[in-house]
Amino acid sequence: MKRVIVLVISAAYWALTLGGRLASRNQYCVVLYYHGVSAKTAKAFAEQMAWLADRFEVVRLSDALTPRTRAAVCITFDDALENLLTNAIPVLTRLELPATIIAVSRNLAKPPQWEMTPGHAESNERTMSEAQLHILPHELIDVGSHTCTHPHLPRLSKEDVRRELCDSKSDL
Ligand SMILES: [Zn+2]
């Protein structure tokens, strides 16, 4: 009898643990991190977004840490490159997918002024202007704070890191 009770308790424990594991497996949120979407990659991007929209709950970045029972995805774009306006925003709007564009607050409306690897594909791409950031469809698209000038943060002092992060937010 004792053995049967132990067996029943073990089986229940196993079932609960497995159930717990299965539930937590679905609670993750993956944050996807894009840069620009060029004319060359626009078709692949549109296909990726349709694939995501079919399979996952796509949530705003501000909801990334909300507990959930279904796997979720956040879409982000680093550096606010202008080509998103023609090659990404229309796709996101059509599929009603939220996303966050992370702008370098003192590098608007010009190519990146920060250090890039020589020949980087995006070194001549313009970033969005202030006016372009304003006209984004904000019911779907959030603007996130990057830094002011996109420095290599490990090289800066604590105070300069704080200034880059805080001033970028107040600029925006
Ligand atoms: Zn960046």
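This is a predicted model: local features need pLDDT of at least 70, side-chain atom pairs count only at pLDDT 80 or more; totals for chains, interfaces and linings use all residues.
Residues are numbered from 1 along each chain as its sequence is written. Local features need pLDDT of at least 70 and side-chain atom pairs count only at pLDDT 80 or more, while totals for chains, interfaces and linings use all residues.

**View A. Strand β3 beside β1.** Helices (H or I, at least four residues) and strands (E, at least two) are DSSP runs, numbered from the N terminus, and two strands pair if DSSP finds at least two bridges between them. Six bridges join β1 (residues 29–34) to β3 (residues 72–78) in the parallel sense. Look for Tyr34, which sits opposite Phe77 of β3.

**View B. Strand β3 with β2 and β4.** β2 (residues 57–58) is parallel to β3, with two bridges; here Glu57 has Ala72 as its bridge partner. β4 (residues 99–103) also pairs with β3 in the parallel sense, over three bridges, and Thr76 faces Thr100 there.

**View C. The largest nonpolar core.** Such a core is a set of buried Ala, Val, Leu, Ile, Met, Phe, Trp, Tyr and Cys residues joined through C-beta atoms within 7 Å; buried means 20 or more other C-beta atoms within 10 Å, with C-beta atoms placed from the backbone. This one has 21 residues, and Leu84 and Ile101 are among those with the most contacts inside it. β3, α4 (89–95) and β4 each give two or more residues.

**View D. Ala121 in its loop.** Ala121 lies between β4 and α5 (130–134). Because Ala121 has 13 C-beta neighbours inside 10 Å, it counts as partly exposed, the class between buried and exposed (12 or fewer). Gly36 is 85 residues away in sequence, yet its C-alpha is 9.7 Å from that of Ala121.
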